[in-house]
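Have a look at the picture first, then read on.

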Amino acid sequence: MVHSDNATLDAVFAALSDPTRRTVLETLGERSLSVTELAEPHGMSLTGFMKHLRVLEDAGLISRTKEGRIVRCELSPRPMQEAAVWLSRYEKFWTGRLDALARFLYHQEETEWQKLPPPQPSDPRSPSAGTTPSPPKKSGARGPTRKR
């Protein structure tokens with residue numbers, strides 16, 4: 001059994017899955033535009049672009065109105081808000097899970113720290129018995145010169 005809410009969410013997420021359609025929605029978030037103005041930056045045929053608009057319209061994310069010979073598109077935010085509400089339930093779930101993981105890791109770190117052996121006093125000198133010679137103070141003797 002498929003609820004109409006699920007079908008709406010499916011259509012919204014399918015529409016949002018394409019970067020061209022997401023860009024169209026971002027653009028329409030600023031103001032309504034004609035189909036020609038919307039299609040211009042995408043570098044595709046008007047027929048191909050119209051298919052993207054049809055997907056957005058079928059999902060309820062945009063509405064089209066005709067003013068004379070010009071078709072204008074406008075953002076319809078309601079389906080996006082419904083998707084955001086649906087996602088927020090899962091955000092709460094994952095936030096709770098991640099908080100529990102953080103508490104667990106903090107507890108693990110605290111108990112591991114307590115199990116470590118006490119630090120041994122360290123000697124600032126090197127543990128090796130050898131010495132390292134100091135670098136020469138000046139450069140060596142002059143090398144051979146070329147005869148001309």
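Helices (H or I, at least four residues) and strands (E, at least two) are DSSP runs, numbered from the N terminus.

A word on where the values come from. This is a predicted model, where local features need pLDDT of at least 70 and side-chain atom pairs count only at pLDDT 80 or more, while totals for chains, interfaces and linings use all residues. Residues are numbered from 1 along each chain as its sequence is written, and side-chain values use heavy atoms, leaving out hydrogens and water.

**The whole chain**

The protein chain has 5 helices and 3 strands. Starting at the N terminus, the order of the elements is α-α-β-α-α-β-β-α. Of the 148 residues, 18% are buried (buried means under 20% relative accessible area, exposed over 50%, and partly exposed in between, with a 1.4 Å probe and protein chains only). Now for contacts, meaning heavy atoms within 4.5 Å. Among those between residues at least 6 apart in sequence, 52% join residues at least 24 apart.

**Two helices side by side**

The expected span of a helix is 1.5 Å times one less than its number of residues.

| Helix | Number of residues | End-to-end C-alpha distance | Expected span |
|---|---|---|---|
| Helix 4 | 13 residues | 18 Å | 18 Å |

In helix 2, the buried residues are Thr 20, Arg 21, Val 24, Leu 25 and Leu 28. Looking down the axis of helix 2, these buried residues fall within an arc of 140 degrees, so they line one face of the helix (the arc is that of the directions from the helix axis to the C-beta atoms). On the face turned away from that buried side sit the exposed residues Glu 26, Gly 29 and Glu 30. Glu 26 counts as exposed because its relative accessible area is 57%. Its C-alpha atom is 9.0 Å from that of Leu 75, although 49 residues separate Glu 26 and Leu 75 along the chain.

Helix 4 buries Phe 49, His 52, Leu 53 and Leu 56. Seen down the axis of helix 4, its buried residues fall within an arc of 100 degrees, so they line one face. Thr 47, Lys 51 and Asp 58 are exposed on the face turned away from the buried side of helix 4. Just past helix 4, Gly 60 has a positive phi of about 80 degrees.

**How they pack**

At what angle do helix 2 and helix 4 pack? The angle is about 70 degrees, and their axes are 10 Å apart (axes are lines fitted to C-alpha atoms, for helices over the stretch in contact, and angles run from 0 to 180 degrees between N-to-C directions). On the helix 2 side, the contact is made by Thr 20, Arg 21, Val 24 and Leu 25, and on the helix 4 side by Phe 49, His 52, Leu 53, Val 55 and Leu 56.

His 52 belongs to helix 4. His 52 counts as buried because its relative accessibility is 13%. Leaving aside residues up to four places away in sequence, His 52 touches Asp 18, Thr 20, Arg 21 and Met 44.
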